[in-house]
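Please read these notes with the model open.

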Amino acid sequence: MFRDVYQKELDSLHVSDSFKKSVIDQLQASRTDKRQNRQSEPVGKRICFPKIKRSKIRAFAAVFALCALALSSILPKEDAQVTPLLYSSSGYTKADARDISPRGVKAISAMMIPYTFSQEGMGFEVYIVKDISELYKNSPADARSVSGSLKVYESTSMSDRQTFTLAESLLRSIGADAESTEKEYTWQVPFYREDVWAGNSPQRTAEYTPPREDSFLYSASYTFDGGQLEIYPGRARARLTVSAPENLSDENSLLSWAEELSQKLGLENPESYSYTDYTFSGERHPFFYVYDNTGDTSDTLFAHSLTNISIYKFRESDEVVIWINLPAYNDGRQMPAITINQALGLLYNGDYYTSRPEGITDESTVAMAELVYLDAYYDAKTCQKSGYAVPFYKFYVQLENQDYLTPEGFVTYCAYYVPAIHPDNLQVNDDFSVYN
Amino acid sequence: MKDDFERIVYEYSDNLFRLCMHYTKNTADAEDTVQQTFLKLLERSEPFENPEHEKAWLIRVCINLCKDHLKSSWSKKVVSENFLPPPSHREEIPDGTAPAILDCVRRLPDNQRTAVYLFYYMDMPVSRIAQAMNAKQNTVLSWLRRARKTLAKTIKEEF
């Protein structure tokens with residue numbers, strides 16, 4: 001009886017064919033490498049060829065060298081940079097931003113560690129929860145089973161013209177009349193102190209007329225009967241405030257409504273989720289999220305992390321705020337990914353990014369891991385998002401010192417990030433200026 | 001040799017994976033260990049004497065790698081269970097289905113659980129198990145006896 005049940009349970013466990021094939025490929029590649037290494041090792045022996053054979057070999061070598069030279073001038077050149085720059089973050093004592101971009105391109109992006117908690121202006125990303133599973137987001141990609149490659153997406157800026165076209169399309173999709181809306185434009189006007197940029201000052205106009213030559217559009221607002229739409233082209237986000245139908249009292253009906261609305265806004269296969277996280281004030285996390293499940297692992301995970309649409313319903317009114325992430329990215333570029341075990345190795349080795357003042361120790365406990373995309377960097381000076389959205393393993397590490405600010409019955413976790421792309425394929429620019 | 005790799009991977013990967021799942025408890029770690037086991041083949045210069053020798057060698061390497069993995073600094077610190085979705089997202093076991101015997105086997109000491117796997121799943125004779133586990137036959141018999149006793153008690157208490 002025991003043997004039968006045990007065998008039946010184990011029979012259900014097996015590795016996939018793709019895993020077997022990848023192992024065979026790896027075995028063959030490793031064996032080839034070994035052979036090549038062995039051949040290149042000095043063996044302490046000298047081989048003597050007859051004179052005629054020696055001249056033939058020399059002639060062949062000369063022809064081969066000429067061919068190689070000719071080919072090298074035709075073939076595209078690999079980028080010459082060789083240093084994988086993943087710094088240990090143990091030396092950093094506060095939240096900061098880092099340039100992270102694929103190797104071989106100009107490093108213009110950054111990864112911003114989000115601040116979700118602050119005390120006297122400083123803060124780090126912490127989660128105060130009763131049970132870590134409250135933070136579970138039902139991700140479409142299992143962090144434990146990453147193999148092969150993942151995509152890195154480059155953000156593309158939106159022109160003002162694209163902003164207006166998109167606004168009209170969004171208004172049409174929800175049945176609002178674009179022509180009869182009241183429009184307002186907010187501009188950012190740079191100001192200087194002693195010829196040094198000191199900040200931006202917002203100015204509003206009713207017409208699309210920049211108040212100054214060097215000012216740029218920050219947002220366009222459309223007020224219509226029953227709501228308002230604001231578009232922020234630099235952030236590639238839109239904010240829609242509308243009245244929700246009366247019957248959205250429970251979570252399920254709100255999520256169904258959100259999915260229907262998402263289809264109208266252009267999502268082909270919308271799926272929704274929400275946290276079960278309760279804040280330590282006892283209130284439930286108030287946002288609901290919708291993302292497009294395209295079937296492609298990276299695309300879906302990217303949509304899930306950045307959430308195409310997030311919805312916040314006010315408790316005291318029927319008003320609903322909908323944040324829409326606009327499609328301001330390229331199609332993505334496949335890059336070799338590391339497994340969660342390799343990421344854990346980097347984590348315990350100190351190769352991580354975090355906003356927490358202290359690093360982790362050998363005693364630190366990783367309570368949960370997720371695979372997430374962090375958005376490209378938003379520069380407050382130019383009000384533009386630029387650079388790359390890169391996948392990261394996000395490790396929730398339990399703080400050893402639970403004394404401060406952790407109410408009784410709660411546990412505090414801090415987020416540590418390790419890029420999910422192989423370090424050889426990333427470059428990190430440490431000299432990046434941070435404006436916000 | 002290309003065919004050899006293919007044969008070995010196709011013949012043993014599932015069974016080695018099942019063996020690893022007795023130690024690592026998550027599929028990603030188990031797959032990593034299986035992969036490392038096969039890579040160890042490359043370090044071996046001598047041919048195997050016979051298929052039984054090949055099998056015993058792979059099992060022994062796999063067990064050693066599983067133990068190394070458990071000893072590694074981070075695997076001790078990671079709460080594997082918490083990587084799994086919370087209970088509300090997991091698939092429920094339908095009523096009337098047999099309970100997870102594998103979980104009971106996992107709770108046995110290392111040597112006992114490996115012996116149980118090789119004896120009850122791989123149908124290996126005690127003499128081969130002893131060879132694969134680098135132990136005496138009587139020791140293997142003793143591990144199996146103790147494991148049977150513990151399992152009988154656990155299964156009776158829990159299910």
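1. The contact (heavy atoms within 4.5 Å) takes 47 residues from chain B and 42 residues from chain A. This is a predicted model: local features need pLDDT of at least 70, side-chain atom pairs count only at pLDDT 80 or more, and totals for chains, interfaces and linings use all residues. Residues are numbered from 1 along each chain as its sequence is written, chains are lettered from A in the order in which they are written, and side-chain values use heavy atoms, without hydrogens and water.

2. About 4400 Å² is buried between chain B and chain A, with 66% of it on carbon and sulfur atoms. Buried area is the accessible area (1.4 Å probe) that two parts lose on being put together, summed over both.

3. The interface of chain B and chain A holds 2 salt bridges (a side-chain nitrogen of Lys or Arg within 4 Å of a carboxyl oxygen of Asp or Glu). Asp14(B) forms a salt bridge with Lys20(A); their closest N and O atoms are 3.5 Å apart.

4. The side of chain B that touches chain A has 31 nonpolar, 6 polar and 10 charged residues. Here Ala, Val, Leu, Ile, Met, Phe, Trp, Tyr, Cys and Pro count as nonpolar, Asp, Glu, Lys and Arg as charged, and the others, Gly among them, as polar.

5. Now the strands (DSSP runs of E, at least two residues, numbered from the N terminus; two pair if DSSP finds at least two bridges between them). In chain A, β7 (182-193) and β9 (216-224) pair in the antiparallel sense over 7 bridges. Trp187(A) stands opposite Leu217(A) in β9(A).

6. β9(A) also pairs with β10 (227-232) of chain A, antiparallel, over 5 bridges. Thr223(A) has Gln228(A) in β10(A) as its bridge partner. Their hairpin has 2 residues between the strands, and Gly226(A) takes a positive phi near 100 degrees.

Terms used. Helix = DSSP H or I, 4+ residues; strand = E, 2+ residues; numbered from the N terminus.
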